[in-house]
Amino acid sequence: MPVDGSRSSEVPVRSSDVLISNKFMNSAFHSDEVMDNDQASQDSCYANMPGAGSGSSQGPSVFAESSRGPLDVLSFNNIHNHELVENYNRDLSNILRKVSFSTKQFIYNMSLNRIRPIRAYRCLVALKGGHHNVNGTPMDFKNFSHQLRIFIGERDAQVFLERLRERFDNLPNFYFDYTVSNGKLSSVFWADEISKLNYKAFGDVLAFDATYNTNRYKMVFVPFTGVGHHFQCITFGAGLISTESIESYVWLLKAFLKTHGTQPTLVLSDQDPSMLQAVPMVFTESRHRLCMWHIMKKLPSKISADLLDNTDVRSCIHRYNIKHLWVPAYFRELPMCCLMKTTSRCESSNAAFRVNSISANTLVQFMRCFENRVDSQRYRQRVSEYKTSSTVFKGTTELAIEQHAFAIYTNAVFAQVQKEIIKGKFLCYITNQTDSSNTTLLLDVTHLDKRNNIINVY
């Protein structure tokens, strides 16, 4: 995956040998027209005639004059020297087996959703109502998919970077940066305008986690994830790094910070040693929190089940030296700290990216898969936004605070707030009231469960 040029934080200088991203699809697909059966049959007859057609590059026409003078036609035999192809087998002839441009687009788009050529062929057969309506055979579909990867070949990194350059030139507020080591692409980061706007609105809590097996070069995919006002995952940007070293993560986090300009309040990651050191080196104003789920998951492999049930042992676990990096009580004063306690949302988002991309993909194919998944993510956000704006209020408590909460929150957030309002009205009551001083009033509030059993008194 060689690439020309050196590290550049600004827009790399264009080179004529890499301006091929606009051409690679058309060149690979070979735009062609699909002829109907009658025309195809007629053309196939002409194609078997030597030199057919005036001005043919295959030789002079039989109707043209040569330099030696006019040609005399001595005899003409209009009887075919072979049997004609039956009508029901025309789809198997070479001219009708030629995969059309629209079919090639279909194969490529299906590959973005991890649908291989053979399955893509079956889908197209089902959509068009039979094998005879599909140009090409299953083997033709496989051959095109293979030829597309061969066409990209050694130019993969160049085409990939050129696509990013084109976005920088044509899309507002698009940013990317990359580094090259020994003539090969070693790291890259990118973020578009919507990612920047999302981070500006919801960038209080940031989570990132490494994802593997998304491309043929084994570059590690690192998306940066947050939680939006619909309680859905949103992507703030993404990067690829060749190694999980401290230097690689430091460069990636600096590229993220350069893109967005501000540091998050809370950064969530797993216990990867490189991440553990890189985060405080770049995000000097942020609190770093480790994934609680990963820590608790390791306990059964290190401590027997009997000891885990021992409260004294569990108390000791909460006292070991990095407790300030994962115990929830240490983050209570941070706004939005409860949005994410683990990297499960981040891993869920990463799993969604892996649904589209496979380990055999080129960088160009990986980028299309990434864009496809981000588009699906933003579509779900748009659906949630539409449902929020079109939902009519139906209260359950007749309290003004409930209607006010409905007016200012999205449906997802309001559902959580409404539960608390309902509990406050129907499952809580004051059991004692004491004046402790002229300015202080002590209230004992009893909480009930759904069966009206007392669970707590505050």
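Student: Which residues make the nonpolar surface patch of about 290 Å²?
Tutor: This is a predicted model, to begin with. In it, Tyr429, Ile454 and Val457 make that patch.

Student: Where does isoleucine 454 lie?
Tutor: In strand 10, which runs over residues 454-457.

Student: Is isoleucine 454 buried or exposed?
Tutor: Exposed. Its relative accessible area is 54%, and exposed means over 50%.

Student: New topic: helix 16. Which of its residues are buried?
Tutor: Helix 16 covers residues 400-408, and its buried residues are Glu402, Ala405 and Phe406. They span an arc of only 100 degrees around the axis, so they sit on the same side of helix 16.

Student: And what does the face turned away from that buried side carry?
Tutor: That face of helix 16 carries the exposed residues Ala400, Ile401 and Ala407.

Student: What covers the buried residues of helix 16?
Tutor: The cover includes helix 17, residues 411-426.

Student: Why does phenylalanine 370 count as buried?
Tutor: Because its relative accessibility is 8%, and buried means under 20%.

Student: What does phenylalanine 370 touch?
Tutor: Leaving out residues up to four places away in sequence, phenylalanine 370 touches Trp190, Phe221, Ala238 and Phe353.

Student: What separates the C-alpha atoms of phenylalanine 370 and serine 357?
Tutor: A distance of 7.6 Å. Along the chain, phenylalanine 370 and serine 357 are 13 residues apart.

Notes:
Residues numbered from 1 in each chain as written. Predicted model: local features only at pLDDT ≥ 70, side-chain atom pairs only at ≥ 80, totals over all residues. Heavy atoms only, no water. Patch = residues over 30% accessible without salt bridge, like charges linked within 9 Å, V, L, I, M, F, W, Y side chains within 5 Å. Areas by Shrake-Rupley, 256 points an atom, 1.4 Å probe, with all protein chains shown as cover. Salt bridge = Lys/Arg side-chain N within 4 Å of Asp/Glu carboxyl O. Helix = DSSP H or I, 4+ residues; strand = E, 2+ residues; numbered from the N terminus. Buried < 20%, exposed > 50% of the residue type's maximum accessible area, 1.4 Å probe, protein only. Arc of directions from axis to C-beta. Contact = heavy atoms within 4.5 Å.
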